[in-house]
Amino acid sequence: MSRAKKGSSSEPLPLDETFWANYGLTDQSDTRDKIVALAMSEISRRGILDVNARSLCDLLGVDYSLITYHFGSFDGLLAEVFVHVHDIWVASIKDALNESYSSPEERMRGVLQTQINRAIKYGMVVGIALLPQVSENVTRILNEKFPSRLAAAVGFSVAVMSMLVNDLKTGTMTNLPLDIVREPEDVLQSPFAAEIPVAIRIQWAMIGPTLWMTGAGGGNKEIAEVDDQLQVNEQVRLFIDRLIMSAKES
């Protein structure tokens with residue numbers, strides 16, 4: 001699986017069943033959910049500065065007023081996009097934990113790889129959502145409408161990673177209740193709280209390759225050639241292996 005490439009702004013994807021399925025929707029899904037999914041796609045395809053409410057409504061073939069009706073404003077839509085991307089992050093971690101693994105190392109690799117896979121699948125919007133303060137107004141909406149929602153997603157990820165680090169060191173395979181984190185503060189009450197500093201370092205370290213795999217670093221001919229030369233997938237695998245080894249020895 002190669003790194004995501006930035007598409008041409010003149011080539012919108014057809015809004016068919018295949019497109020909607022990529023976001024867990026169907027052609028019959030609510031228009032509100034479709035707007036959020038289309039915003040995610042267009043931000044990744046064109047960049048956040050080239051996307052606006054009117055362009056989304058034109059693509060979807062709906063009235064411009066629906067943005068105000070469903071989200072209050074375009075900034076309100078952006079806030080919902082960022083929350084949705086974090087919800088996908090949590091869901092992807094849970095899905096990874098539900099897989100069968102033969103060792104603690106393999107399970108940690110699966111959880112880390114799911115972050116890379118999410119970046120490849122959804123593109124640049126994942127990178128932007130890592131640092132969602134694109135404007136004061138979006139930040140205000142996030143704080144008012146979704147208090148602690150993004151922090152709770154990060155807290156869940158850190159709690160899971162703390163468990164994985166502990167299991168690496170002890171050679172165990174803990175069965176973690178997936179509702180262990182309801183608020184960020186719950187992480188401090190985790191049975192694996194001693195491993196939180198290592199878990200946080202791992203998550204910070206993953207931001208770089210995650211951003212790279214979204215295609216946010218480029219997408220032109222030169223970047224594509226660098227991808228081929230460096231065999232990006234192999235480099236990411238080695239990077240994850242080194243993180244696992246570092247966690248085990250911490």
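The axes of α5 and α9 come within 9 Å and cross at roughly 20°. This is a predicted model, in which local features need pLDDT of at least 70 and side-chain atom pairs count only at pLDDT 80 or more, while totals for chains, interfaces and linings use all residues. Residues are numbered from 1 along each chain as its sequence is written, and side-chain values use heavy atoms, with hydrogens and water left out. The protein has 12 helices and 0 strands; helices (H or I, at least four residues) and strands (E, at least two) are DSSP runs, numbered from the N terminus.

**Overall make-up**

- Of the 250 residues in the protein, 46% are buried (under 20% relative accessible area; exposed is over 50%, partly exposed in between, with a 1.4 Å probe and protein chains only).
- Among contacts (heavy atoms within 4.5 Å) with a separation of 6 or more, 73% join residues 24 or more positions apart.

**Helix α5 against α9**

- Because of their crossing angle, α5 and α9 are roughly parallel to each other (angles under 35 degrees; over 145 is roughly antiparallel, 65 to 115 roughly perpendicular and the rest oblique).
- Axes are lines fitted to C-alpha atoms, for helices over the stretch in contact, and angles run from 0 to 180 degrees between N-to-C directions.
- The crossing of α5 and α9 is left-handed (the near helix is turned anticlockwise from the far one by less than a right angle; clockwise is right-handed).
- Residues of α5 in this contact include Phe 82, His 86, Trp 89 and Ile 93, and those of α9 include Leu 150, Phe 156, Val 160 and Met 163.
- By class, the contact of α5 with α9 has 13 nonpolar, 2 polar and 3 charged residues (Ala, Val, Leu, Ile, Met, Phe, Trp, Tyr, Cys and Pro count as nonpolar, Asp, Glu, Lys and Arg as charged, and the others, Gly among them, as polar).

**Helix α9 against α10**

- α9 also packs with helix α10 (residues 196-214), at an angle of about 115° and with the axes 8 Å apart.
- That angle makes α9 roughly perpendicular to α10.
- α9 passes α10 in a right-handed crossing.
- Ser 157 and Met 161 of α9 are among the residues in this contact, as are Ile 196 and Gln 203 of α10.
- The contact of α9 with α10 has 8 nonpolar, 3 polar and no charged residues.

**Helix α6 against α12**

- Helix α6 (residues 104-122) and helix α12 (residues 232-249) have axes that come within 10 Å and cross at roughly 135°.
- α6 and α12 are therefore oblique to each other, and their crossing is right-handed.
- The contact includes Glu 105 and Met 108 of α6, and Leu 243 and Lys 248 of α12.
- In this contact of α6 with α12 there are 7 nonpolar, 1 polar and 4 charged residues.

**Nonpolar cores**

- The largest nonpolar core has 37 residues, of which Met 40, Leu 77, Val 81, Phe 82, Val 125 and Leu 142 touch the most other members (a core is a set of buried Ala, Val, Leu, Ile, Met, Phe, Trp, Tyr and Cys residues joined through side-chain atoms within 4.5 Å).
- α5 gives the most to this core, with 8 residues.
- A second, separate core of 35 residues includes Met 108, Met 163, Leu 243 and Ile 244.

- Most residues other than glycine have a negative phi.
- Ser 148 is not a glycine, but has a positive phi of about 65°.
- Ser 148 lies in the loop between α8 and α9 (149-170), and at 41% relative accessibility counts as partly exposed.
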